[in-house]
Amino acid sequence: MLGRMMKYEIKATQRTFLPIYGLIIIFALLIRLFTQFNFQHMNGAFSFLMGITIFIYVILIAAALIMTIVATSRRFTTNLLGDEGYLSFTLPVKIHSHIDCKMLVSLMWAVLSVIVTLLSVFVLSVDTNFINKNNPFFAEFGADYSRCGNMAHLITFEIIVLVLISILCVILQIYASATVGNLCGKHRRLVSFGTFIGLGIAQMIVYSFIINYIKIKNFSLPMGEQAMLSAIAANIGIAMAVTAAFCVAFYFLTYWLLSRKLNLE
């Protein structure tokens, strides 16, 4: 059932994201095409056209990020906390499934937004000259990476997982904030925004305390390369655990409010 719900959710949201992704790649290709010309021979009209193209490209990148956040909030509040909630909660589906569906699809679009952005930057910047110019750097980086061995693989894996968990944490923070705001009648949006800020501040306090503790605990004394890598891997692991804990807290707060305190009036 979750798969069917996700399929419907993707169909409902792809009309928002796919055109933006396509335009980002198209404008990246246009900018790349323009840069193949000699800038010294550009006339005023050509320079103006390229400037407009770059401006639109930047706007599209920002739009992809903003639309990810807006769509995450809007789909959740409209389908579960708005008028459509009457229909959604009459379906033979558990509340967990509603949350999971929205959460996983939002995570998918957030990751795709990052991938498309990075792909467009790759299209803009990477060519034979770029590779030749930076080949010494790539070679040195590859040698350092190989020298670090399994620790390099572990840290890379941890960073990727931490990014995914962090994105998921923001999504669930939005859901928790929207659900809290739903309890407050006419001031729902204001309370939702205030709750989001409050939860963010709480996270910053916890992270600040942990970071200061880790700094004193692990880096107060000189250490070798392998010890430093081990400390970095351990610290990233702690960050993953704390972020995952916030994810769990936001998830179950959302679930509890939807199951016990839902207000669709």
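Is Ile26 buried, partly exposed or exposed? Select Ile26 in helix α1 (residues 2-35): at 45% relative accessibility, Ile26 counts as partly exposed. Buried here means under 20% relative accessible area, exposed over 50%, and partly exposed in between, with a 1.4 Å probe and protein chains only. Helices are DSSP runs of H or I with at least four residues, numbered from the N terminus.

Before moving on, note that this is a predicted model, where local features need pLDDT of at least 70 and side-chain atom pairs count only at pLDDT 80 or more, while totals for chains, interfaces and linings use all residues. Residues are numbered from 1 along each chain as its sequence is written, and side-chain values use heavy atoms, leaving out hydrogens and water.

Next, select Leu172, which is found in helix α6 (residues 150-181). Leu172 is buried, at 2% relative accessibility. Show its neighbours: leaving aside residues up to four places away in sequence, Leu172 touches Met103, Cys247, Phe250, Tyr251 and Thr254, where contact means heavy atoms within 4.5 Å. Met103 is 69 residues from Leu172 along the chain, yet their C-alpha atoms are separated by 7.2 Å.

Now pick Cys169 and Cys247. The structure holds 0 disulfides. Cys169 is buried at 3% relative accessible area, and Cys247 is buried at 7%.

Gln203 is buried, at 9% relative accessibility. Not counting residues up to four places away in sequence, Gln203 touches Cys169, Gln173, Phe246 and Phe250.

For the last stops, turn to the rings. A search of the whole structure finds 7 aromatic pairs, meaning rings of Phe, Tyr and Trp (its six-membered ring) with centres within 6.5 Å; planes under 30 degrees apart count as stacked, over 60 as edge-to-face and the rest as tilted. Tyr207 and Phe246 have ring centres 5.8 Å apart and planes at 50°, so the pair is tilted. Tyr207 lies in helix α7 and Phe246 in helix α8 (residues 225-260), so the pair ties together parts 39 residues apart in sequence. Tyr207 is partly exposed at 25% relative accessibility, whereas Phe246 is buried at 14%. Finish with Phe17, Tyr21 and Trp109, which form one aromatic cluster.

Note on methods. A disulfide is a pair of cysteine sulfur atoms within 2.5 Å. Helices (H or I, at least four residues) and strands (E, at least two) are DSSP runs, numbered from the N terminus.
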